[in-house]
Amino acid sequence: MTAFLTRLFGRLPVGYLQLTHNRGRLLAALAGVAFANVLVFVQLGLAGAMAESVAIPYRLFKPDLLLVSPAESEVLSDAATLPRQRLYQAMVHPDIKGGTSIYMARATWISGRNASSSIQFFGLAPDATPFFQDALAAPLVSLSLPDTALVDTLTRFVDMQSYAKAHPEAPVPFEFQNRQLGAVGTVSIGGGFGGDGVFLVSDQTFFRLFPKRSSATPSHILLALAPGADPTRVAAELARAFPPDTVRIRTVTQATGQEIRHQMTKRPTGLVFAFGVLIGVIVGIVIAYQVLSADVADHVREYATFKAMGFRQRFFVSIILEEAIILAAIGFWPGLAFSHLFYTTLASLTNIPIFMTPERAVAVFFGTIIACSVSGLLAMRKLAAAEPAELF
């Protein structure tokens, strides 16, 4: 390694030799950097899982226009209802080729003794397959049968293996809201941070499960555009056609991005994750600073000798940055390995969509190098201000 670094730097790798001289301190420093990486990875992973759990239900829809009530419209599951007549008013526009209503409600499913799950229900028209992703086309048609549902295989606190073979010709029975339903298929959505699972039912089954809801007041309205129509232009024209402050019109893609930003910047959970990342960065900087500062203090006489020989400040900076980069580059990998293990374990236990992405790993790697470099520059302040004669 020494020969390789000598060729790489064009000089003796003083920083590397100083780090490896005290193996115990080196291992402690690497453990500290790895721990800080794990803290950052955990918080970023949870934040990413929240964003992914927000986006998954939107991916059921094809990305045309989404109409919602302007009240509480940032979160898909929390939106207030709006009059169904908005659908018929929108259909007058020449670039709207169709529309459908979506009904949403949340209820608790008591699936067994001491077992309950919070389920988000979507009430959909079985013949509205053009408004949903192609993978849902055949399963949605099967909801034409009364009191049937597509159940979520990622539902928490329930053993969903018995529903894996659910089929329209062989529905798996279960009870909900004192009503006998049959699972005729499965979906894999997951409840994310706001619930435990998602069930899809027909609009008629939805009204039987939630008798206080009316077909006249859907939760959302999906609009399909004519080929070649500009979604932004059509949305603006529809907004002008409706009475002021009665409806909010966005593309599905826009609604997804806005809810993710809302969850990450306005909701307490997202803010907690952001502060967790900040704390992880601070911990990493402090640990690296303590190690590099102690190294400077231990070798201050050697540095004084170099100063007296005429070496400039940038030489000392290069040594400390060399140590900082080595700490970051080596300490990152055990942090990445432990974080990946954490993601896998948490995903298995909770069914939240948490996983490692290449972009996140690269960002944390370079962030670790920057944080350790900042620590190194801070540790250099004492040496920069000292005079050789004062150091002996």
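Predicted model: local features only at pLDDT ≥ 70, side-chain atom pairs only at ≥ 80, totals over all residues.
Let's start with the largest pocket. Its volume is about 420 Å³. Its lining has 26 residues. Which of them are closest to the centre? They are S77, R106, G191, G194 and E259.

What is the lining made of? By residue class, 11 are nonpolar, 11 are polar and four are charged.

Now, where do these residues come from? Several elements supply at least two residues each. Among the helices, look at α3 (23-58), α8 (252-265) and α9 (268-298). Among the strands, look at β2 (96-112), β3 (115-124) and β7 (197-202). Which element gives the largest share? That is α3, with five residues.

Domains next. Domain 1 covers 2-54 + 267-391, and domain 2 covers 83-246. Each of them puts at least three residues into the lining of the largest pocket.

On to the second largest pocket. About 230 Å³ of space lies in it. Here 16 residues form the lining. Closest to the centre are V40, V281, V364, G367 and T368.

The lining of this second pocket holds 11 nonpolar residues, five polar ones and no charged ones. Three helices, α3, α9 and α12 (358-379), each give at least two residues to it. Which element gives the most? Here α12 does, with six residues.

Conventions. Residues numbered from 1 in each chain as written. Heavy atoms only, no water. 1 Å grid on protein atoms, 1.4 Å probe; cavity = no way out; pocket = protein on both sides within 12 Å on 5 of 7 lines; lining within 4 Å. Points joined across faces, edges and corners; volume = space filled by probe spheres on them. Helix = DSSP H or I, 4+ residues; strand = E, 2+ residues; numbered from the N terminus. Nonpolar A, V, L, I, M, F, W, Y, C, P; charged D, E, K, R; others polar. Domains from an automatic or database assignment.
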